[in-house]
Amino acid sequence: MKASKIAYKPVGMALGALAGVAAGGLFKQAWKMVGRDEDAPDATDEDRGWGEILLAATLQGAIFAVVKAAVDRGGAVATRRLTGAWPG
């Protein structure tokens, strides 16, 4: 395993945690615009229908995937600029 890949692991983990927090906040804001309630439904929420639950899960998954990809890519580009080596 390359040294740049090993050195990037803790940075990648920290960026991943920050991405999760950011994605969670974005999802809450998006759900406020899309959903009928302030809080998104859980899969086991008895008072919510299939459509609303699946919509919330789809929206949450899409937001998390986009934020994670953007943060991972940005971290890799920044690492290359600082070290001259691609971390992957």
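Author: Helices, of at least four residues, and strands, of at least two, are DSSP runs that are numbered from the N terminus. Please note that the model shown here is predicted.

Reader: How many helices and strands does the protein have?

Author: There are two helices and zero strands in the protein. The radius of gyration is 17 Å, well over the 12 Å that the globule rule gives for 88 residues, so the protein is more spread out than a compact globule. The C-alpha trace spans about 55 × 25 × 15 Å along its principal axes.

Reader: Which residues make up the largest nonpolar core?

Author: The general idea comes first. In soluble globular proteins, nonpolar side chains tend to be buried together. Here the largest nonpolar core consists of eight residues: Ala19, Ala23, Phe27, Ala30, Trp31, Ala56, Ile63 and Val67. At least two residues of this core come from each of helix H1 (3–34) and helix H2 (50–83). H1 gives the largest share, five residues.

Reader: With which residues is tryptophan 31 in contact, leaving aside its neighbours within four places in sequence?

Author: A contact requires heavy atoms within 4.5 Å. Tryptophan 31, a member of the core, is in contact with Asp37, Glu38, Asp39, Ala40 and Pro41, and also with Glu52, Leu55, Ala56 and Leu59, once those neighbours are set aside. Ala56 in that list is itself a core residue.

Reader: What does valine 71 touch, not counting residues up to four places away in sequence?

Author: Valine 71, found in helix H2, touches Leu15 and Ala19 on that count. With 25% relative accessibility, valine 71 counts as partly exposed. Valine 71 and lysine 32 are 39 residues apart in sequence, and their C-alpha atoms are 24 Å apart in space.

Reader: How are contacts, surface and charges to be read for the protein as a whole?

Author: Each is given as a total or a mean. Among contacts with a separation of 6 or more, 52% are between residues 24 or more positions apart. The accessible surface comes to about 6300 Å², and 64% of that surface belongs to carbon and sulfur atoms. For the 11 positive and 9 negative charges, the mean positions are 23 Å apart.

Notes. Residues numbered from 1 in each chain as written. Predicted model: local features only at pLDDT ≥ 70, side-chain atom pairs only at ≥ 80, totals over all residues. Heavy atoms only, no water. Core = buried A, V, L, I, M, F, W, Y, C linked by side-chain atoms within 4.5 Å. Buried < 20%, exposed > 50% of the residue type's maximum accessible area, 1.4 Å probe, protein only. Rg over C-alpha atoms; globule rule 2.2 N^0.38 Å. Areas by Shrake-Rupley, 256 points an atom, 1.4 Å probe, with all protein chains shown as cover. Lys, Arg positive; Asp, Glu negative; His and termini not counted. Charge placed at Lys NZ, Arg CZ, Asp CG, Glu CD.
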